[in-house]
Amino acid sequence: MKLRGLYAITDSQLLAGKFLTYVEAALDGGVTLLQYRDKSSDEARRLREAEKLHELCSRYKTRLIINDDAELAARLGVGVHLGQTDGPLTPARALLGSKAIIGATCHDQIELAEQAAREGASYVAFGRFFNSTTKPGAPAATLEMLAQARTRLQLPICVIGGVTLDNAEPLVAHGADLLAVVHGLFGADSTQDVTRRARAFNDLLKYSA
Ligand SMILES: Cc1ncc(COP(=O)(O)OP(=O)(O)O)c(N)n1
Ligand SMILES: Cc1nc(C(=O)O)sc1CCOP(=O)(O)O
Ligand SMILES: [Mg+2]
């Protein structure tokens, strides 16, 4: 499967009261990867919500990724995204198997991405490229670094951090395969607008090399 397109990421605060309707609206517009990102420690709720998303993703043939938690991913038989302090990639690959999608946060460092590639990552994520209300403190990354990463890496490249329909085009032009988005997608005022935004993000990637 080619990892290219919109990578929608949930946010439990932003989606409070409209979690499944907004996620389904995004899936309607087309989502390559959906990440369940919940930074709370309420394990029962996390399991319940992840199971619901898994069901929804199966209906739309979208791959589900769990943020931070390889054990929960293994329980559901889905992928995982791991940051630099979320545990090593090699045991996660052993736990989830060769077909699972495993992503790695690499901030603005190509060397971290090369290491992640050696350790079995399926894609590498660079960011943050713009101001992010979801994660304002994330280290900044540049378009120049992205272009260089494109020439050095064979793996799909994901970009994250303040990505919107208005600023995503240069990211694609500099080599991004996956546009990872929270606010720029789910910050919409209606389900119809979430679907429209999802389609428009995908179009940005469809009509470029
Ligand atoms: C696609 C994608 N890229 C980067 C991150 C950030 O991961 P991390 O640095 O572990 O930070 P948290 O998201 O866990 O706060 C991500 N989740 N997804
Ligand atoms: C979860 C996350 N990680 C980032 C990184 O740079 O590693 S930026 C980020 C938040 C992405 O949300 P939004 O699209 O609303 O900015
Ligand atoms: Mg993390």
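This is a predicted model: local features need pLDDT of at least 70, side-chain atom pairs count only at pLDDT 80 or more; totals for chains, interfaces and linings use all residues.
**Exercise 1. Contacts of ligand 2**

How far is an oxygen atom of ligand 2 from an N or O atom in the side chain of Ser 132?

*Solution.* 

Step 1. The distance between the oxygen atom of ligand 2 and the N or O atom in the Ser 132 side chain is 2.6 Å. A polar contact requires a pair of N or O atoms within 3.5 Å, and the Ser 132 pair meets this cut-off.

Step 2. Turn next to the backbone. Gly 162 places a backbone N or O atom 2.7 Å from an oxygen atom of ligand 2. For His 183, a polar backbone atom is 3.0 Å from an oxygen atom of the ligand.

Step 3. Consider the cover. On its own, ligand 2 has 420 Å² of accessible area, and the protein covers 94% of it.

Step 4. Describe the surroundings. Ligand 2 is surrounded by 13 residues, with Ser 132, Thr 134, Gly 162, Val 182 and His 183 as the closest. This shell consists of four nonpolar, six polar and three charged residues. The space that ligand 2 takes is the largest pocket.

**Exercise 2. Contacts of ligand 1**

Which residues are the closest to ligand 1? Describe the contacts, the cover and the shell of this ligand.

*Solution.* 

Step 1. The closest are Arg 37, Lys 39, Asp 86, Thr 105 and Lys 135, out of 15 residues that surround ligand 1.

Step 2. Examine the side chains. An N or O atom in the side chain of Arg 37 is 2.7 Å from an oxygen atom of ligand 1. For the side chain of Lys 135, the corresponding distance is 2.8 Å.

Step 3. Examine the backbone. A backbone N or O atom of Gly 83 lies 3.4 Å from an oxygen atom of ligand 1.

Step 4. Ligand 1 taken alone exposes 420 Å², of which the protein buries 91%. Strand 1 (5-9) and strand 7 (157-160) are the elements that give two or more residues to its shell.

Step 5. By class, the shell of ligand 1 holds five nonpolar, five polar and five charged residues.

**Exercise 3. The chain as a whole**

How many helices and strands does the chain have, and why is the chain described as being as compact as a globular protein of its length?

*Solution.* 

Step 1. The secondary structure comprises nine helices and eight strands.

Step 2. The globule rule gives 17 Å for 209 residues, and the radius of gyration of the chain is 16 Å, close to that value; the chain is therefore as compact as a globular protein of that length.

Step 3. Along the principal axes, the C-alpha atoms fill a box of roughly 40 × 40 × 30 Å.

Notes:
Residues are numbered from 1 along each chain as its sequence is written. Chains are lettered from A and ligands numbered from 1 in the order in which they are written. Side-chain values use heavy atoms; hydrogens and water are left out. A residue is near a molecule or strand if one of its heavy atoms lies within 4 Å of it. A polar contact is a pair of N or O atoms within 3.5 Å; within protein, one must be able to donate a hydrogen and the other to accept it, and residues adjacent in sequence count only if both atoms are side-chain atoms. Accessible areas come from the Shrake-Rupley method with a 1.4 Å probe; for residues, only the protein chains shown count as cover. On a 1 Å grid over the protein atoms alone, a cavity is a set of points where a 1.4 Å probe fits but cannot get out, and a pocket is an open set with protein on both sides within 12 Å along at least five of seven lines; lining residues have an atom within 4 Å of a point. A molecule sits in a cavity or pocket if more than half of its atoms lie within 2 Å of its grid points. Ala, Val, Leu, Ile, Met, Phe, Trp, Tyr, Cys and Pro count as nonpolar, Asp, Glu, Lys and Arg as charged, and the others, Gly among them, as polar. Helices (H or I, at least four residues) and strands (E, at least two) are DSSP runs, numbered from the N terminus. The radius of gyration is taken over C-alpha atoms; the globule rule is 2.2 Å times the number of residues to the power 0.38.
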